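Me: Hi! Could you help me look through a structure? I have a few quick questions.

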Amino acid sequence: MSDTAKTSRAGVPERPTLDGLEDPWARRWQEEGTYAFDRSKQRSDVYAIDTPPPTVSGELHMGHVFSYTHTDTVARFQRMRGKAVFYPMGWDDNGLPTERRVQNVYGVRPDPALPYDPDWTAPATPVNDDARKNPTAISRRNFIELCELLTASDEQVFEALWRRLGLSVDWSLTYTTIGRVARAASQRAFLRNLARGEAYQAEAPTLWDVGFATAVAQAELEDRERPGAYHRLRFAGPDGREVLIDTTRPELLPACVALVCHPDDERYADLVGAAVRTPVFGVEVPVRAHPLADPAKGTGIAMVCTFGDLTDVTWWRDLELATRVVIGRDGRLLPEPPAGVPAQPYAALAGQAVNGARRTVVALLADAGALVGEPRPITHPVKFYEKGDRPLEIVSTRQWYLRNGGRDGRLRDELLARGRELRWVPEHMRHRYEHWVGGLTGDWLVSRQRFFGVPVPVWYRLDDIGEPDWSQPLTPEESLLPVDPSSEPPPGFTESQRGRPGGFVGDPDVLDTWATSSLTPQIVGGWETDDDLFRRVFPMDLRPQGQEIIRTWLFATVVRSHLEHDVLPWRNTVLSGWILDPDRKKMSKSKGNVVTPMELLQRHGSDAVRYWAANGKPGMDLAFDPAQIKVGRRLATKLLNASKFALGLGAADALRAPATEPLDTAMLAELSGLVGTATSAFDGYDHTAALMTTEAFFWRFCDDYIELVKERAYGTGPGADSARAALATALSVQLRLFAPVLPFVTEEVWSWWRYGSVHRAPWPTTYEVGRAVQAPGDPELLRLAADALGQVRRAKSERKLSMKAEVPLAEALGPAALLDQLTLVAADVRAAGRIAKLDLLPDRTPELVIACAF
């Protein structure tokens with residue numbers, strides 16, 4: 001809708017208020033298609049945003065309001081600059097967070113062995129703690145249906161909050177990461193990766209979350225400080241020599257495959273190449289040298305187990321050691337010992353959880369005289385899945401991987417080069433990307449042993465004894481996507497052949513949620529489904545996101561676009577800071593210090609909350625401050641009242657008339673400078689600078705200019721016409737400058753006197769402001785007049801007089817040139833200050849002094 005569209009004007013209300021603006025305007029924007037994407041535009045006239053799809057697994061919090069407000073200011077600015085803004089909203093509804101929420105809300109757990117029950121219904125209300133601790137087993141398909149039911153409900157709540165906040169998204173473009181389009185795009189991309197050799201399957205040591213029973217990728221790890229203890233174990237070396245080992249994981253002793261020391265450590269040089277025997281189990285293991293061994297840590301020689309940590313994996317791989325796996329996917333020690341480990345001592349450990357097995361091994365060591373001293377308590381970092389609550393184990397599993405440069409120097413260099421092509425706001429965030437890419441130690445593990453996700457789209461032939469042929473996966477044609485190998489047969493087979501020798505078996509895994517989210521530009525842009533749309537929006541212009549997911553969402557999206565399209569997926573990325581609580585600590589659900597936004601939006605108004613959010617610059621943290629929200633409400637209220645006053649003077653009818661008086665042209669000259677400054681700030685993705693400069697001008701406009709000019713504006717003649725024309729231009733421009741941050745109040749005021757939506761009005765230009773004056777103005781004149789009026793006000797205040805009190809005589813002292821300037825605005829100063837007589841006394845003081853006689 002343009003400014004000239006014949007949408008009726010509301011007229012100025014008798015008592016304007018901020019209360020209740022959000023719902024009617026949100027509804028009207030939707031009905032009138034104010035933010036609808038115009039797909040007739042060419043790519044050069046399109047601004048496309050790859051919006052972060054929030055995880056639908058709980059409540060939105062102030063961190064969401066913070067970052068999404070920033071993105072919305074960009075969208076609104078670009079739309080007013082004449083761009084067709086492609087601004088979708090997505091919901092990231094698949095993956096572990098959703099599964100956990102469903103399990104907690106309904107007290108269920110998925111069991112793939114159970115048949116689908118079409119008559120099963122979910123509990124009508126959330127269950128209690130007892131039901132959560134003893135969940136009901138339901139089929140995989142029933143569980144997925146329950147996930148879909150709950151996410152659909154959550155998405156409605158999320159959408160209501162986003163509409164209340166005033167996000168200018170095109171809701172017709174909404175997508176979900178588990179929807180049919182997203183599943184097809186994810187599977188299509190995976191199959192193409194597979195065909196090009198970028199996706200591959202391998203049996204390898206895998207980071208494993210015991211609680212979720214799934215593999216975890218390197219990008220999803222976090223270290224948490226946990227208590228532990230060093231145990232000193234006595235190994236038996238050649239010729240009766242003792243070899244002492246410090247370990248925090250004595251329960252992995254039966255998984256020991258070697259001891260390792262640094263190549264330059266003279267203490268153990270004679271042992272390298274020899275063998276020692278493990279205590280309790282008596283298994284012979286080699287002593288090897290490796291540069292990662294730390295001579296200063298513990299005794300300087302370490303136990304290599306398969307697998308205690310990622311360093312064990314490195315040693316195992318580099319030194320080509322044997323494999324003795326003892327921990328299963330359930331986090332318990334396997335029922336049978338690995339090859340070469342005697343069954344008798346191992347029997348005491350079989351089936352135990354890790355902590356129990358640790359206590360048992362320590363007791364066995366003590367009984368055998370192989371425990372030296374008492375365990376020494378420590379606190380040390382332990383690897384966790386970022387969403388898990390139990391330490392990760394490393395187990396050997398067959399998984400799907402996607403090449404990401406972790407083991408390919410050429411690809412790594414290409415991805416680093418992509419990072420340098422990208423415009424980063426703020427620029428220093430690029431170093432986080434480069435640090436992550438440079439530190440990768442392996443490829444991206446993209447398969448997950450879960451349920452509510454995009455299925456890995458492959459099947460495997462079964463040989464004559466029913467064993468799968470992993471080397472030749474069966475794949476569908478792209479035209480058949482999306483597929484679910486767990487419930488559909490591959491081409492050329494029937495369902496009756498599932499699981500039978502000579503038949504097939506479907507891959508039971510789903511793709512990592514990031515393997516879908518990394519394709520958001522393709523999913524929403526119509527990749528391979530709407531070529532015309534894809535040409536208009538891809539590569540996109542902007543990726544806004546959190547700094548903590550550079551290593552996951554941003555990097556993964558770069559990887560997928562580089563491999564599939566050989567381009568960056570977007571040209572710019574803007575990174576958000578964090579929201580801090582009043583104690584300057586990051587707000588997070590785990591810390592219990594988050595603030596949910598709906599009550600704040602209802603109490604203070606959405607514009608006030610957006611004002612607080614917009615005070616946070618890209619990449620900078622912002623403390624949650626209710627006082628700042630109140631400042632935003634005061635600003636929005638003042639905008640209502642000042643606009644009502646200006647329009648009450650007749651400004652609406654003087655919009656395109658010229659300003660002729662010196663004070664008016666001075667104000668407009670300053671306004672022209674503001675337009676240039678705010679525009680440059682928005683172009684640089686600095687919404688905070690744009691808001692601050694606009695707000696500072698607005699308060700001067702209200703406190704100084706309006707006070708100085710209102711007496712003249714009430715009158716008639718050329719001077720009054722000039723004042724009303726200047727007020728009209730200033731109001732029109734300022735409403736548009738505030739519109740990206742304060743969409744509701746600016747739209748409300750715009751509707752009183754202008755046609756169409758302020759959010760479809762053209763962004764103001766210095767040319768537009770200059771066109772409103774007959775001669776160039778001098779901003780210093782406004783400052784001079786404001787200074788003079790301010791001194792008069794102070795004089796009245798010091799005498800405890802009303803601002804309406806008459807001043808019989810005032811004397812203006814100062815340099816002659818300054819007083820010559822003052823004469824140009826003297827009439828407005830006299831009127832505003834209620835000065836009967838103003839005498840000018842040049843060269844009496846070095847600066848302006850207004851002396852009042854009462």
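Me: Where is Q78?
Reply: Q78 is in helix α2, residues 62-80; helices are DSSP runs of H or I with at least four residues, strands are runs of E with at least two, and both are numbered from the N terminus. This is a predicted model, where local features need pLDDT of at least 70, side-chain atom pairs count only at pLDDT 80 or more, and totals for chains, interfaces and linings use all residues. Residues are numbered from 1 along each chain as its sequence is written, and side-chain values use heavy atoms, with hydrogens and water left out.

Me: Is Q78 buried or exposed?
Reply: Q78 is buried, at 11% relative accessible area (buried is under 20%, exposed over 50%, partly exposed in between, with a 1.4 Å probe and protein chains only).

Me: New topic: how many aromatic pairs are there?
Reply: The structure has 28. Rings of Phe, Tyr and Trp (its six-membered ring) pair if their centres lie within 6.5 Å; planes under 30 degrees apart are stacked, over 60 edge-to-face, the rest tilted. F143 and F451 are edge-to-face, because their centres are 6.1 Å apart and their planes are at 75 degrees.

Me: Which parts does that F143 and F451 pair tie together?
Reply: F143 is in helix α5 (residues 140-165) and F451 in the loop between β19 (447-448) and β20 (459-461), so the pair joins parts 308 residues apart in sequence. Both F143 and F451 are buried.

Me: And which residues are in the ring cluster?
Reply: Ring pairs link W25, W29, Y35 and F744.
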